[in-house]
Amino acid sequence: MQNHGIKKIVLAYSGGLDTSAIIPWLKENYGGCEVVACVVDIGQDREDLKGVEQKALRSGASECYVVDAREEFISDYVYPVLQTGALYEGSYLLGTSMARPLIAKALVDVANKVGADALCHGATGKGNDQVRFESTWAALAPHLKVVAPWREWNLRSREALLDYLKERDIPTTASLEKIYSRDENAWHISTEGGVLESPWNAPNKDCWVWTVDPQEAPDQAEQVTVTVKQGKVVAVNGEAMSPFKCLETLNAIGSKHGIGRIDIVENRLVGIKSRGCYETPGGTIIMAALRGVEQLVLDRDSFKWREQLGLEMSYVVYDGRWFAPLRKSLQASAESLAEEVNGEVVLQLYKGQVTAIQKKSPNSLYSEEFATFGEDEVYDHSHAGGFIRLFSLSSRIRALNELKK
């Protein structure tokens with residue numbers, strides 16, 4: 001046992017195997033310090049939260065705080081990112097990435113409340129989450145020490161963790177049978193490990209948790225109407241709801257049609273490639289609705305700028321730089337663009353696909369008078385010749401110079 005000068009540690013606690021073992025390990029290896037568990041409810045499986053306080057106390061925690069952050073997660077973290085259109089490496093909707101800074105911030109709040117002098121997470125030394133947690137803590141609480149057991153202890157396997165708890169007579173519902181590593185919140189669920197560790201293995205049925213196999217989804221398409229105000233979803237099928245309730249409703253509708261499945265190999269920040277299956281049914285519908293309204297409202301240059309914002313934001317959020325000035329600057333620009341992104345979209349859901357089939361906006365720049373292929377009186381086709389001549393002038397001059405040579 002070492003004395004690290006730490007008397008009280010707040011741990012990001014889930015009730016799973018890793019964090020159950022971390023509590024006694026901290027007490028044994030950090031001078032008998034007090035461990036306060038903090039569970040942040042961001043919409044994960046309700047079964048995981050049942051009895052979580054008692055579980056933490058049985059593992060040796062002195063207290064356990066359960067913070068309900070479901071509405072905050074969607075309204076203050078997910079919706080702002082959606083305004084930018086961020087997709088990491090073209091497909092990942094950043095479910096885990098957006099959640100970690102909120103969890104980390106909640107731990108800082110609890111640490112300030114209980115007078116802790118250190119923070120602890122259960123992220124491994126191979127993943128992105130360690131960066132996200134610690135970057136947030138550096139920005140919000142640089143005076144607090146950070147403890148990362150996976151970078152210190154010699155417990156390297158599930159078997160070792162189970163033996164560690166058994167030796168200390170600490171009960172756990174975990175077992176050796178767990179094959180996959182999963183992360184779940186209101187926005188998505190991810191599945192890694194098991195058969196997915198080989199990219200040549202196709203995912204099996206066990207790799208998908210929320211969504212129906214698109215091949216087994218209903219043969220009848222379903223339509224859903226989404227109302228958008230300033231780049232945020234405010235109502236589903238005409239019923240105004242909070243951001244979390246909108247998502248919850250769309251998750252239920254999308255899941256039964258197999259919406260939002262992706263199977264990707266992504267580049268982690270630490271340089272390792274990882275393969276995962278992600279399910280984001282409601283989020284996929286929301287993204288399609290927002291992009292549908294943008295198509296009507298944003299002019300060409302504004303849309304191009306929004307796409308650039310989304311690309312940059314995807315890396316900023318993935319890398320855990322939520323509280324950095326760059327994220328706030330990107331967000332301010334996206335909010336400005338979203339001021340007139342108001343409208344309504346009807347989306348058709350069918351066997352894994354989302355298609356925006358109807359869209360309208362009071363701020364639409366689309367004009368049937370100008371766009372028609374029929375006869376019109378508002379557009380003079382002869383004007384296009386002068387425009388093209390000026391638009392291609394540099395190419396013309398370059399070609400004339402080549403001829404002179």
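**Close-up views of a predicted model**

**View 1. Tyr278, a buried residue in a strand.** Tyr278 has 4% relative accessibility and counts as buried (under 20% relative accessible area, with a 1.4 Å probe and protein chains only). Tyr278 belongs to strand E12, residues 273–279 (strands are DSSP runs of E with at least two residues, helices runs of H or I with at least four, numbered from the N terminus). Leaving aside residues up to four places away in sequence, Tyr278 touches residues including Tyr92, His188, Trp208 and Glu266 (contact means heavy atoms within 4.5 Å). The model is predicted: local features need pLDDT of at least 70, side-chain atom pairs count only at pLDDT 80 or more, and totals for chains, interfaces and linings use all residues. Residues are numbered from 1 along each chain, and side-chain values use heavy atoms, without hydrogens and water.

**View 2. Tyr92 in its loop.** Tyr92 sits in the loop between helix H4 (70–84) and helix H5 (95–114). Tyr92 is buried, at 3% relative accessible area. Among the residues it touches, not counting those up to four places away in sequence, are Leu87, Ser97, His188 and Tyr278.

**View 3. The open sheet.** Five strands form an open sheet in the order E3-E2-E1-E4-E5, with parallel pairing (two strands pair if DSSP finds at least two bridges between them). Strand E3 (63–68) and strand E5 (145–147) are at the edges with a single partner strand each, so one side of each has no neighbour in the sheet. Strands E1 (residues 8–12) and E2 (residues 34–41) pair over five bridges, and Lys8 stands opposite Glu34 in E2.

Key:
Buried < 20%, exposed > 50% of the residue type's maximum accessible area, 1.4 Å probe, protein only.
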